[in-house]
Amino acid sequence: MLAYFKVEFNRTIKSPSFIKALLIGFVVVIVHQLVMDRFYENDGNVFLYALGFENTYMLRDIYYLLFPIIVALASSDLFGEDSRSQSYHLIRSRVSKSHYFTVKIILSFLFGGLAFIIPLLVDFFILLMMYPAKSPDIFLGISPVKYGDVMASLFVDFPVIYWLIFLLFAFMFGGIFSWIGFLTSLFTVNKYLILLIPFFAYYGLWVILSLIGFPEWSPFGFLTPLQSYTTVSITVILFEMVTGIGFILLLMIGKSKNEFI
């Protein structure tokens, strides 16, 4: 299976869909670097300017609004592409069904997460060349994390760890929402549905939770390092992450095991 994984990994990383997903992110990063509002009243800090932290420009919101589109485009359609091109049966003549779907499921999660965090990392490293990565002051009016926010003390004492934790959340939920599209592809090979279902799931969950008074429980409410709500809960984030992975994984395994020859 390792040899097949390497083949599919190289195929996926060179695929037009994954490259397009990265290009969307890089366009946002480039524009962010060109037009972001820099805070001249203090001596500068990378954690006040990074995409995801900066709270004075709409590009931060645009990138996280594009989240489901980026991750779905990157790797939700891995099975759909094979099915539409009739290459599925050719590959299956050389690889067992269990190996085929195991590799596809792993790559869908991996590239969904990578497509979303790679532009964030690029943006962060560019800023590291211009600003110090020192501990920020949460009492500044421009600080993205306020006193009392979740992990506020970690943001002050170990801001890099704080940033890495949110990158981990972004990667994991990128994989989960890519899986939502992949699960869709097991029921239909319609590319538009495969790409749109993660979008509807992402915003539909936010709408439903907002209606019952808990918008911060939706990934739309907690994925950005700039906390939009003061009641964000790590427990809720971890619960949704674990249950999302478990539930969708079981559905994908069940569908691929019982429906495909």
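Author: Here is the helix pair, taken step by step.

This is a predicted model, so local features need pLDDT of at least 70 and side-chain atom pairs count only at pLDDT 80 or more, while totals for chains, interfaces and linings use all residues. Residues are numbered from 1 along each chain as its sequence is written, and side-chain values use heavy atoms, leaving out hydrogens and water.

Two packed helices are described by the angle between their axes and the distance between the axes. Our pair is α2 (residues 16-35) and α8 (residues 97-128), whose axes come within 9 Å and cross at roughly 25°. That makes α2 roughly parallel to α8 (angles under 35 degrees count as roughly parallel). Axes here are lines fitted to C-alpha atoms over the stretch in contact, with angles from 0 to 180 degrees between N-to-C directions. Helices are DSSP runs (H or I, at least four residues), numbered from the N terminus. As for handedness, α2 and α8 cross in a right-handed way, meaning the near helix is turned clockwise from the far one by less than a right angle.

Who does the touching? On α2, the contact is made by F18, A21, L22, G25, F26, V29, H32 and Q33. Their partners on α8 are F111, A115, I118, P119, V122, D123, I126 and L127, with contact meaning heavy atoms within 4.5 Å. Sorted by type, the residues of this contact come out as twelve nonpolar, three polar and one charged. Ala, Val, Leu, Ile, Met, Phe, Trp, Tyr, Cys and Pro count as nonpolar, Asp, Glu, Lys and Arg as charged, and the others, Gly among them, as polar.

Technical notes:
Helix = DSSP H or I, 4+ residues; strand = E, 2+ residues; numbered from the N terminus. Parallel < 35°, antiparallel > 145°, perpendicular 65-115°, else oblique.
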